[in-house]
Amino acid sequence: MIIVSDEEDESDSSPFLFLRQPVHDSVLNVNHDYRYLRMGYYVSAHAETYGVEVSPGCTEIMDAYRNPLLIEKAKRNGLPTNGYRLITKSREELCAPAMLFAVNPFTNNSMKIVRSSSKLPEIIKKMSMNARFPVSLHPVSGEVHEIVQMFGESTDDEISEFTGKFYKIFNIPICKLIVQIDDGSVILNHCEPATKKEVEWDVVREKVHELRKLI
Amino acid sequence: MKIACFVEAYNFNDKSERGALSKFRSTAESFGHSFDFIFKDEISKIPEYDALFIRATTDPNNSAYIASRLAEQNGLKVIDDSRSIRTCSNKAILHDLFIRNSIPSPKSMLFTGEENAIDELFDILGTPVIIKTPYTRFSSHVEKAHNREEFIGISKRFLRKSKVVIVQEFIRSDFDWRVGVLQNKILYLCKYCIPEGGWKVRSRINGRNVWGETIAVPRDSISRELKDICTGLSKCVGDGLYGLDVKETKDGYSVIEINDNPSIYDGYEDAIDGDIYEKIIKALAS
């Protein structure tokens, strides 16, 4: 297995070098950002073009990063969610508090929590770029948390069981999860790239080291 | 069978595109299927259908990708499938695919902004060079650079929105072959002509965007070599509906790109082989 990462300690190749070479072995792609058109995505796409196994695959990346696909996959695999509605315009029946995610090409850091129903039309209009892109609307019933997930480990010990399950289902090595904690249970709302600074790279290195020993 | 056709409002702006959509619907109905247009805020209705046909512009960042993937997850027959969208929408990935599968194509290189690589790039590709963003479509974000200065200006602009651009040797031609492929068989054949005074199918001439003429040609007249190249490449992507752009040179054919979700306009791509609607509906219902 080839480990592709910008982190020199544990990597066999940097993403830039990797993309310039043919691939003959399975690949573990370690990156903090797998968004479409970013280097993390290209590494997986390059490996898939050469027909080798890659973790995460491009379908897995897109299933995690596009909000409706994330929620549908979570539901099918028994990971708690509280549903979503895909809208382009405000409707009378929509009510706050709600969490909104722009489902457009600029999905990083695009979450808004709206506490007042009267504010919904204006915010939906803005986030949908005037009905050009859909917005995924989730009800808010608990306390909202942002956590960084690294190979199933979490920056928040209380929810490491949840992040373990998330990693098993979605196979994304590093990401930021937006969740709600409602009456002690964790509900998944969104997945987006973590910034480099948010990642505990010691944890990542340890995990990669463990995986390497298994090869 | 219930067929959903995922569209956006702009798909109904042009009379010829509207005409083609209407032909898809009447063809489906003549076979006893229902055919409903659905829009982005109706995506959640997709599981109610048996098949999904996408006509809205596809890109992994667009709603069409979500529609495609949700349909796959719910077991619908889908044109365009999500893998074809991911592959064809990205010219950097196509560059990789062409190399991997030895597809005859213009000499191309990826450029990520290192200025010390520019001279080598001109040495290999000649002058002028074509610079494209990975997400180019309908000839947009494709420009020509005649020298280092022009190259730096264009590539800097393109690299603001992309980690990588594709640089390609320039091949002059009067037209591109547009080869429609469905389930790895030739569906239609056209010449997409380059407008006079331009160098791509949609060219900027005297400050105006000008499209070249579309000339349909009988699909059975396709040369053996072109047919083999096109079906060989489509098999590398999937078994959906594709439009391949190919240049014919004195040295043979050279594939520029393979597109999922190819344009089908009433009176253009269907002008000779009018059964393309029937074949696509049959593929969706199979």
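Let's start with two neighbouring strands: strand S1 (residues 2-6) of chain B runs parallel to S2(B), and 5 bridges join the pair. Strands here are DSSP runs of E with at least two residues, helices are runs of H or I with at least four residues, and both are numbered from the N terminus; two strands pair if DSSP finds at least two bridges between them. Within this pair, B:Lys2 sits opposite B:Ser34 of S2(B).

This is a predicted model, in which local features need pLDDT of at least 70 and side-chain atom pairs count only at pLDDT 80 or more, while totals for chains, interfaces and linings use all residues. Residues are numbered from 1 along each chain as its sequence is written, and chains are lettered from A and ligands numbered from 1 in the order in which they are written.

Now widen the view to the open sheet of 4 strands in chain B, which has the order S2-S1-S3-S4 and parallel pairing. Strand S2 (34-38) and strand S4 (77-79) of chain B are its edges, each pairing on one side only. From one strand to the next, the twist averages 20°. Helix H2 (residues 63-73) of chain B packs on this sheet and touches S1, strand S3 (51-54) and S4 of chain B, its direction making about 160° with that of S3(B). Axes are lines fitted to C-alpha atoms, for helices over the stretch in contact, with angles from 0 to 180 degrees between N-to-C directions; contact means that C-beta atoms, placed from the backbone, lie within 7 Å.

Finally, the contact between the chains takes 23 residues from chain B and 24 residues from chain A.

Methods: Two residues are in contact if their C-beta atoms, placed from the backbone, lie within 7 Å.
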